[in-house]
Amino acid sequence: MPPTQTPQKDSPDYDFILQAEEPMPKHWTTRVNKNRLIIFMIIFGFAAVMLTLVLSSMNAQKNEAQTQRLIEIAQMQQEISRVAALGAEGAQKPAVKDRAEAIQKGMDESAKATLSLLASRGVSADDPRLNGEDDTSADEALTSASEFATFDKTFDKLIDAKIVSYQRALLVAEGAGNSGEKAQFQQAYSEADSMLGLVDEQQ
């Protein structure tokens, strides 16, 4: 009788231990050459800094240009007030004298507002740039007109031309100004309309 054989149990399968694990997919940044990534980050950072500098420079140029516009407006206000004072002194008719005095007073008030705007931009009232040159041709024209008894007519023509030029400068500055400046320029423009007599004509 053959010897009794003990039934063999199936041996456990340990093959999984010997099998290498499949590598997990790596993030794209880990697959990029580190040197290239560093170079890319440096270039990107440099570009960002340059863009910031360019934008800052452009903004500074815009602010400087607007400051120059305000300075020119202040000079025009001074000149109009000066010529108006000449008109009040040499006017032949009371109406022309009254108009000249009203223009001088109104322009002096507008000049104060302009100086306030300039102060907010770091320009003091004693800044030498505010001292514009006198228009000597206006003085000469008024002196000549006084000799020929045409002072009033000549004054009206001169002062109107200066106020119209002043209004054009206000429109340009308004287009480039901030909200506070826009409101001031609009008010100054309306006051100039009154000086030209346009408000009375429209009513």
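A: One may begin with the contacts of this predicted model. Of the contacts in the chain with a separation of 6 or more, 75% are between residues 24 or more positions apart.

Q: How many helices and strands are there in the chain?
A: The chain has eight helices and zero strands. Along the sequence, the pattern reads α-α-α-α-α-α-α-α.

Q: What share of the residues in the chain is buried, and what is the accessible surface of the chain?
A: Buried means under 20% relative accessible area. Of the 203 residues in the chain, 25% are buried. The accessible surface is about 14600 Å², and carbon and sulfur atoms account for 57% of that surface.

Q: Where is Thr150 found, and which residues does Thr150 touch?
A: Thr150 is also placed in the loop between α5 (136-147) and α6 (151-176). With residues up to four places away in sequence left out, Thr150 touches Gln92 and Ala145. A separation of 9.6 Å lies between the C-alpha atoms of Thr150 and Ala91, which are 59 residues apart along the chain.

Q: Why is Thr150 called partly exposed?
A: The relative accessible area of Thr150 is 34%, so Thr150 is partly exposed, a class that lies between the buried and exposed limits.

Key. Residues are numbered from 1 along each chain as its sequence is written. This is a predicted model: local features need pLDDT of at least 70, side-chain atom pairs count only at pLDDT 80 or more; totals for chains, interfaces and linings use all residues. Side-chain values use heavy atoms; hydrogens and water are left out. Helices (H or I, at least four residues) and strands (E, at least two) are DSSP runs, numbered from the N terminus. Buried means under 20% relative accessible area, exposed over 50%, partly exposed in between (1.4 Å probe, protein chains only). Contact means heavy atoms within 4.5 Å. Accessible areas come from the Shrake-Rupley method with a 1.4 Å probe; for residues, only the protein chains shown count as cover.
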